[in-house]
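Hi,

Here is the structure I promised to pass on. Have a look first, and my notes follow below.

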Amino acid sequence: MKTDTATVVALATPEGEGGLAVVRLSGHEAVAIARRVAPFFGADAEVESHRAVHGHVIWPPGDRAAARAPVGIVPGDTLDEVVVLPMLAPHSYTGEDTIEFFCHGGRMPGRLVTAACQAAGAEAAPPGEFTRRAFLNGKLSLDQAEAVADLIAAADPLSAKAALRQVRGGLDAQIAAIEGPLHLLLADLEGSLEFVADERVGPPRAEVARRLRAAAQTIDRLISLVPAGRQLRDGISVVLVGPPNAGKSSLFNALLGEDRVIVDPEAGTTRDVVTATLRHEGLSFVLHDTAGLHPDGGRVERAGMQRTVASLRGADVVVNLTEASLLAATDTDNRRDVDENRQAAVIEVATKIDLLDERESGRLAGSNDLVMTSSVTGVGLAQLKARLIAAAEQERIQEAIALGVLLNARHQDRLEACRTDLDELITQVESRYPGDEVVASMLGTTLSVLGEISGRVHTENLLATIFDRFCVGK
Ligand SMILES: Nc1nc2c(ncn2[C@@H]2O[C@H](COP(=O)(O)OP(=O)(O)OP(=O)(O)O)[C@@H](O)[C@H]2O)c(=O)[nH]1
Ligand SMILES: [Mg+2]
């Protein structure tokens, strides 16, 4: 385990060929170490923060550094031509003195400059170390740090937008809006404890209950945005279901615009659940092609159907496919298979519409809510994509983006725990008032649960679970 006082270094850009490689050095020895590997850098002058300087990086002098040199490199050897950008404490990402070296891209330059900094006294930074220091130095809250990781992992514009807004304090503002009034209430309750007279001078019970309920409501609103957070981060789960041969795999391919899975006239072609991501209108839809659902079938088919049913449970949107000719000929109940997930939005789709004659398609055109598609002609695909957007709880996603909250399972857990505490507290306040002292103490506990979201209250374990998931150099 590194101590927080060590000066650390890491390659901040991905390994491999590219235009630039950036090496990041942070800690109180950063300037001294930079001078050992880049003697041109502020040698005879004060280092000016946020002013880039150009020059060459060398392997540092001295026997110890010589012993650590890669084969073929000796002290004084030029390693790369760089631009060096100092950002002095507290005006840096970590809040410490930080130096960034902009090297040539590629496998060697960044790696050599990193190794040279280590030979000059820096330690290799573990994953997430720079962001962990930013948190410990009060530059970021814990949920802002988590949003930095979400921003790095974002695969589409809207999740990047939500993550960036949370980095800029979106969720912290929401949490503060809950914490602020509760802290005031706590102060009022504690204030009343100062008076030793028999008479109670704290806020009236009804007012205490009202203020607690207001906080509970704001928490409920945040909890309602948890699914949007998951959808923005992991994509919206869309499951295509229907009887064998309904055209699920064909529609899957048509939506993706590529020949991704096998399509065949034989029923029972698809056995496993296959997923692929459709990026549309700034969102990711994780499409699931599934095995056809039908009453009989061999062992493998039944195993496939079990997987279909399992994927239905996690679906945000179920696309229920039925061959158009069947719908046109009978009043088939095509809704039977999708009951596994009552929370998901269901889109009813008629497939192979190109095979219908005019009279038949006229008959179907009257059915409300039915999206008529052909994977052969492409008819109805745009309409289906529009329906996916509509079904994906757009309002919640838009609200989450507008507020700048990208909630994860940890936030959800803390919000729900806090909500349970508040319920208990409200019940006590409204039934047999246990006294200001007890209410204040319970409220204090609730506030520390809430404080774990921003990291106002934290443990080393919590920090380890969050920052270990980061990449090196961030
Ligand atoms: N004319 C026409 N044929 C289609 C269309 N969609 C699928 N088909 C055909 O219908 C047959 C079955 O299509 P699949 O996409 O494999 O159907 P599936 O629902 O995935 O079938 P299973 O995996 O067996 O459950 C294939 O022969 C496809 O070429 C369509 O829109 N128009
Ligand atoms: Mg199939």
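A quick definition before the metal site: donors here are N, O and S atoms within 2.8 Å of the metal (3.2 Å for Na, K and Ca), and water is not among the atoms, so sites may look incomplete. Bear in mind that this is a predicted model, where local features need pLDDT of at least 70, side-chain atom pairs count only at pLDDT 80 or more, and totals for chains, interfaces and linings use all residues. Residues are numbered from 1 along each chain as its sequence is written, chains are lettered from A and ligands numbered from 1 in the order in which they are written, and side-chain values use heavy atoms, leaving out hydrogens and water.

So, what holds the magnesium ion (ligand 2)? Its protein donors are Ser-249 (OG) and Thr-270 (OG1), lying 2.0 Å from the ion. Ser-249 belongs to helix 10 (residues 248-256), while Thr-270 sits in the loop between helix 10 and strand 8 (274-280), 21 residues apart. Helices (H or I, at least four residues) and strands (E, at least two) are DSSP runs, numbered from the N terminus.

Ala-276 stands opposite Leu-287. In this hairpin, with two residues between the strands, Glu-281 has a positive phi near 55°.

Lastly, Leu-381 in helix 14 (residues 381-391) is buried too, at 13% relative accessible area.

Cheers

Key:
Buried means under 20% relative accessible area, exposed over 50%, partly exposed in between (1.4 Å probe, protein chains only). Two strands pair if DSSP finds at least two bridges between them.
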